[in-house]
There are 2 protein chains.
Amino acid sequence: MTNESVTAAKGFLAAGVKCGIKVSGKPDVGLLVCPTGATTAAVFTTNAITAAAVRVSREHVKTRRTYAVVVNSGNANACTGKIGLANARKMCAATAKSLNAARATHYAQREVLVASTGIIGEQLPIAKALVGIDKATAELADSPQAGMAFTNAIMTTDTKPKCAMRVFRLAGKALTIAGTVKGAGMIGPNMATTLLFITTDAAVSKPLLGAALKAAVGDSLNKLTVDGHQSTNDTGILLASGLAGNRSITRRDQNYRKFAAALLEVCTDLVRQMALDAEGATRMFEVVVKGAATQGDAAKAARAIADYPLVKCAVHGGDPNWGRIICAVGSCGVKLAPAKLSCKLDQLYVFRNGAPARFDVEKASAIVSQTEHTITVDLGVGAKSDFCYGCDLTAGYVSINADYHT
Amino acid sequence: MTNESVTAAKGFLAAGVKCGIKVSGKPDVGLLVCPTGATTAAVFTTNAITAAAVRVSREHVKTRRTYAVVVNSGNANACTGKIGLANARKMCAATAKSLNAARATHYAQREVLVASTGIIGEQLPIAKALVGIDKATAELADSPQAGMAFTNAIMTTDTKPKCAMRVFRLAGKALTIAGTVKGAGMIGPNMATTLLFITTDAAVSKPLLGAALKAAVGDSLNKLTVDGHQSTNDTGILLASGLAGNRSITRRDQNYRKFAAALLEVCTDLVRQMALDAEGATRMFEVVVKGAATQGDAAKAARAIADYPLVKCAVHGGDPNWGRIICAVGSCGVKLAPAKLSCKLDQLYVFRNGAPARFDVEKASAIVSQTEHTITVDLGVGAKSDFCYGCDLTAGYVSINADYHT
């Protein structure tokens with residue numbers, strides 16, 4: 001069995017345990033440890049309302065080295081005021097204490113990051129979480145099973161665990177990047193979140209690690225829209241142990257570009273898994289917008305199409321309903337030339353230079369009915385382009401989000 | 001039977017007939033005539049891609065008097081290029097010609113307005129439409145039945161006809177305003193539209209008629225979001241026959257304010273009917289945002305909440321899931337004070353000054369389970385407020401929009 005979990009890279013231990021935060025009794029505390037200390041980068045939600053864990057991790061990621069990341073699912077610890085903030089700090093302190101006791105280390109609270117996901121507005125059952133942390137500490141291992149236990153412990157409404165791994169070579173050294181992710185957008189039964197954890201044994205300077213994570217997330221997770229909103233808890237953390245033996249990447253040279261490319265591959269792999277496992281989703285699609293006057297317009301139009309409920313419904317029905325795509329573009333406020341506007345489904349033109357194209361409707365339906373297809377729109381006014389990933393809107397999404405009661 | 005249709009005001013004739021544009025065989029051409037000539041105002045979609053009828057009516061509304069409005073359903077005549085534009089002009093010309101022949105009048109093409117709704121990207125079957133126009137001309141009447149026939153002819157996926165009427169007094173004269181509307185947002189099987197037609201016997205100057213229509217639509221139809229987009233065809237037309245005998249309203253005085261208030265009542269009545277008849281909708285809600293730094297922020301936050309799929313699903317489930325409301329507010333980019341942020345469902349606080357409120361969950365569920373309820377959010381940073389209407393998101397919406405095939 002190839003290890004594709006977060007323990008695939010050298011220098012990481014993981015665990016996932018049950019402590020009763022989730023009513024379902026499923027695993028709800030995950031622990032990821034880098035005993036040699038990791039260089040760390042992180043990205044967080046842009047929501048103005050942030051969960052306690054986000055506030056604490058934003059502080060702690062400034063520390064030079066990170067030894068552990070502790071995660072709970074089943075409770076977002078968001079909109080929970082001062083008590084919530086104190087509880088997030090307690091999780092970090094308890095993790096450091098538990099590891100120090102078990103492993104004779106001297107980790108500080110600020111050398112631990114924390115993330116939470118689950119129901120909003122309820123106080124975290126901190127006593128249970130602390131028991132979970134001790135239990136996870138006792139089960140830490142570098143096995144694929146331990147890595148998968150971590151992944152299982154961060155899931156909420158996900159129906160499948162999501163892992164991705166790439167090995168690439170730099171100057172004769174094999175470097176590994178492995179990631180795991182939960183959820184996509186706001187997809188939980190009450191309020192779930194996107195949590196992303198990536199481990200690598202590459203040696204990379206902290207500023208470049210941050211730059212690479214920001215760029216990779218920008219072109220992958222930030223390009224996926226399930227229901228158009230960022231949650232209070234979105235967190236992405238990249239830990240680099242530096243144990244692969246490469247000379248540390250400290251400049252934006254070819255080695256950096258190779259690392260960044262492999263990191264983007266891992267993130268894109270995870271995004272595809274997220275889109276296809278979004279609540280109720282059965283299909284995903286990529287929207288490419290070309291010919292835009294500005295980069296901002298290209299991004300805005302791509303997202304408007306991917307977010308548009310009628311486009312999402314049409315994809316669900318395998319319906320090549322290009323009128324809805326054109327309508328979404330027309331109403332999103334970007335500059336466009338009506339007489340040059342064109343739209344393709346994969347390589348098939350359905351609308352060209354402002355007029356309906358003649359096309360084989362059965363062929364078009366077959367394209368839209370695939371698990372993945374690409375919608376390309378040319379605005380006809382410039383040379384900028386951008387893209388976005390979306391998934392279909394189904395009765396399953398409605399039932400998951402309407403039938404649950406607070 | 002009280003006449004609540006568009007023939008309720010003095011001076012209007014209407015008709016609605018079947019001519020085969022709709023495959024279903026349902027009525028698809030409506031005609032509204034003001035033999036004495038009406039002062040007219042209109043509002044149109046802000047979508048960058050506009051239907052042929054919108055382009056023609058934008059020109060024709062500049063004419064001093066309007067004698068007729070011709071409407072077809074079953075075909076949007078949008079994204080149809082030069083042929084489509086020529087067909088929209090033909091509808092106006094044919095209406096003038098048909099009326100002139102039948103009634104010995106001398107109407108010009110530019111004294112007729114036109115509107116279309118239905119499938120996008122297919123050429124209008126103009127020969128059928130012209131037959132429909134002649135047929136409608138022959139059936140014109142000022143009866144309630146004729147008014148309802150017009151309303152039935154403009155419907156697409158609407159399950160119910162929608163009419164509203166108000167009578168008010170100005171200096172001893174009884175004035176009537178009556179309106180009809182179809183659809184809400186983009187709600188059609190392929191691409192439907194909102195069409196609004198209002199008749200009044202009040203005498204009002206053209207500039208003030210325009211101001212009153214813009215204000216009333218701004219505080220009613222433009223405050224309703226079903227799926228967040230404006231279509232290519234949205235059109236609202238207000239015709240004033242001036243036959244009620246009031247001294248013409250030419251200044252922004254008390255008489256104008258009475259007229260504007262009655263017009264807003266008619267539009268608000270229609271909006272409630274639209275929201276509750278939106279595709280798949282079973283409930284509506286009003287979002288009020290207070291304490292905003294700017295009017296723009298208040299409007300943006302209200303709309304973000306009303307458009308947010310997870311809020312719409314929660315309303316469908318009768319779930320007082322305030323976390324989703326707070327999340328929508330937090331992610332929409334408006335200025336807010338996290339420590340002062342509050343949220344009420346009707347009069348029940350569920351979140352107050354940045355912390356969860358203690359509330360009776362059963363009582364909260366009962367509020368959200370009503371046919372209509374109000375969500376009030378206080379951003380805690382200013383004194384501006386605005387509102388928005390929304391409806392629930394249901395499996396019915398998905399099935400209507402996914403199961404239909406182009």
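These legends go with close-up views of a predicted model.

View 1. Let's start with confidence. The average pLDDT of chain A is 91, and 95% of its residues score at least 70. One stretch to treat with care is residues 187-192 of chain A, where the pLDDT is below 50. Beyond near neighbours in sequence, that stretch still has 35 contacts in the model. As for the complex, the predictor gives an ipTM of 0.76 and a pTM of 0.82.

**View 2. Strand E14 of chain A and two of its partners.** Here E14(A), residues 372-378, pairs with strand E10 of chain A, residues 284-292, in the parallel sense. Seven bridges hold that pairing in the count. E14(A) also pairs with strand E11 of chain A, residues 342-345, but in the antiparallel sense and over four bridges. Look for A:Asp378 in E14(A): A:Lys290 stands opposite it, and A:Ser342 stands opposite A:Asp378 too.

**View 3. A stacked pair of tyrosines in chain A.** Over all chains, the count comes to ten aromatic pairs. One of them is A:Tyr67 with A:Tyr107, a stacked pair with centres 4.3 Å apart and 15° between the planes. A:Tyr67 belongs to strand E3 (residues 66-75) of chain A, while A:Tyr107 is in the loop between helix H2 (81-103) and strand E4 (112-119) of that chain. The two are 40 residues apart. Both A:Tyr67 and A:Tyr107 are buried.

View 4. B:Phe150 is buried, and so is B:Phe197.

**View 5. Charges over rings.** In chain A, the charged end of A:Lys223 sits over the ring of A:Phe387, 5.1 Å from its centre. In chain B, B:Arg352 lies over the face of B:Tyr349, 3.6 Å from the ring centre.

**View 6. A loop threonine, B:Thr250.** You'll find B:Thr250 in the loop between strand E9 (235-240) and helix H6 (254-276) of chain B. Is B:Thr250 buried or exposed? It counts as exposed because its relative accessible area is 52%, and the cut-off is over 50%. Leaving out residues up to four places away in sequence, B:Thr250 touches B:Ser205 and B:Leu208.

Key: Residues numbered from 1 in each chain as written. Chains lettered and ligands numbered in written order. Predicted model: local features only at pLDDT ≥ 70, side-chain atom pairs only at ≥ 80, totals over all residues. Heavy atoms only, no water. Pairing = 2+ DSSP bridges. Buried < 20%, exposed > 50% of the residue type's maximum accessible area, 1.4 Å probe, protein only. Contact = heavy atoms within 4.5 Å. pLDDT = per-residue confidence, 0-100. Phe/Tyr/Trp six-rings, centres within 6.5 Å; stacked < 30°, edge-to-face > 60°. Lys NZ or Arg CZ within 6 Å of the ring centre and 35° of its normal.
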